[in-house]
Amino acid sequence: MTDSRGALPKLRVELVGLGVTDAYEVCDDTILSVWIGLVVTFRDGFYCWQEGVVKRRHLGTDPVGCAIRVARRYAELQADAPPWWDELAKTLRGGTAEHYP
C-alpha cells in the first residue's frame with residue numbers, strides 16, 4: 001500500500017474487527033489515535049506507531065498485520081497501564097482524567 005489517504009481508514013476497519021472500536025483520526029486524517037499515548041501514522045509506505053516516547057514500525061505495508069500488533073499492544077496497555085500514562089493523561093486531559101483511557 002502506498003496511498004496514505006486510504007491507509008489509516010483501512011487500518012481502522014481492521015482494528016474494529018479486532019475489538020479496538022474507540023480509535024479515531026486526528027490531524028487531517030494523518031494520525032490514528034488508538035489510546036492516549038498510542039498513535040499510528042502511515043508514512044513512506046509503512047505503518048508507524050508511537051507509544052509514549054517509543055517509536056515502532058510495522059515491517060509490512062499491510063493494514064491487517066499492523067492492526068494485529070497494535071491491537072495486541074492496546075490490550076496490554078488496557079490491562080496494565082504504563083507509568084507514563086497517568087502523567088500524560090493529566091497533561092492532555094487535566095486532573096479529571098482519572099483512569100479513563
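Tutor: Let us begin with burial: a residue is called buried under 20% relative accessible area, exposed over 50%, and partly exposed in between, with a 1.4 Å probe and protein chains only. This is a predicted model, in which local features need pLDDT of at least 70 and side-chain atom pairs count only at pLDDT 80 or more, while totals for chains, interfaces and linings use all residues. Residues are numbered from 1 along each chain as its sequence is written, and side-chain values use heavy atoms, with hydrogens and water left out.

Student: Why does leucine 59 count as exposed?

Tutor: Its relative accessibility is 69%, and the word exposed asks for over 50%, so leucine 59 counts as exposed. Leucine 59 is found in the loop between β5 and α2.

Student: What does leucine 59 touch, not counting residues up to four places away in sequence?

Tutor: A contact means heavy atoms within 4.5 Å, and by that rule leucine 59 touches Phe46 and Arg69. The C-alpha atoms of leucine 59 and tyrosine 47 are separated by 7.9 Å, although these residues are 12 apart along the chain.

Student: What makes β2 and β3 a pair?

Tutor: Two strands pair if DSSP finds at least two bridges between them; β2 and β3 have 4 bridges in the antiparallel sense, so they meet the definition of a pair. In β3, leucine 38 is the bridge partner of tryptophan 35, and valine 40 is that of leucine 32. The hairpin of β2 and β3 has 2 residues between the strands, and glycine 37 takes a positive phi near 90 degrees there.

Student: How many bridges join β3 to β4, and how many join β4 to β5?

Tutor: β3 and β4 pair over 6 bridges in the antiparallel sense, with valine 40 facing its bridge partner tryptophan 49 in β4, and their hairpin has 2 residues between the strands, with aspartate 44 in the turn at a positive phi of about 55 degrees. β4 and β5 run antiparallel and are joined by 4 bridges, glutamate 51 standing opposite valine 54 in β5.

Student: Which strands are the edge strands of the sheet?

Tutor: The open sheet has 5 strands in the order β1-β2-β3-β4-β5, with antiparallel pairing. Its edge strands are β1 (24–26) and β5 (54–57), because each pairs on one side only.

Student: What is the largest nonpolar core made of?

Tutor: A nonpolar core is a set of buried Ala, Val, Leu, Ile, Met, Phe, Trp, Tyr and Cys residues joined through side-chain atoms within 4.5 Å. The largest such core has 22 residues, and those with the most contacts inside it include Leu11, Val40 and Tyr47. The helix α2 gives the most to this core, with 6 residues. Leucine 11 touches Leu32, Val40, Tyr47, Pro63, Cys66 and Ala67, not counting residues up to four places away in sequence. Over the chain as a whole, buried residues make up 36% of the 101 residues.

Student: Where in the chain is confidence lowest, and where is it highest?

Tutor: The score here is pLDDT, the predictor's confidence in each residue, from 0 to 100. Its mean for the chain is 80, and 83% of the residues reach 70 or more. Confidence is lowest in helix α3 (residues 83–93), at a mean of 71, and highest in α2, at 90. Where pLDDT is low, the predicted coordinates should not be read in detail.
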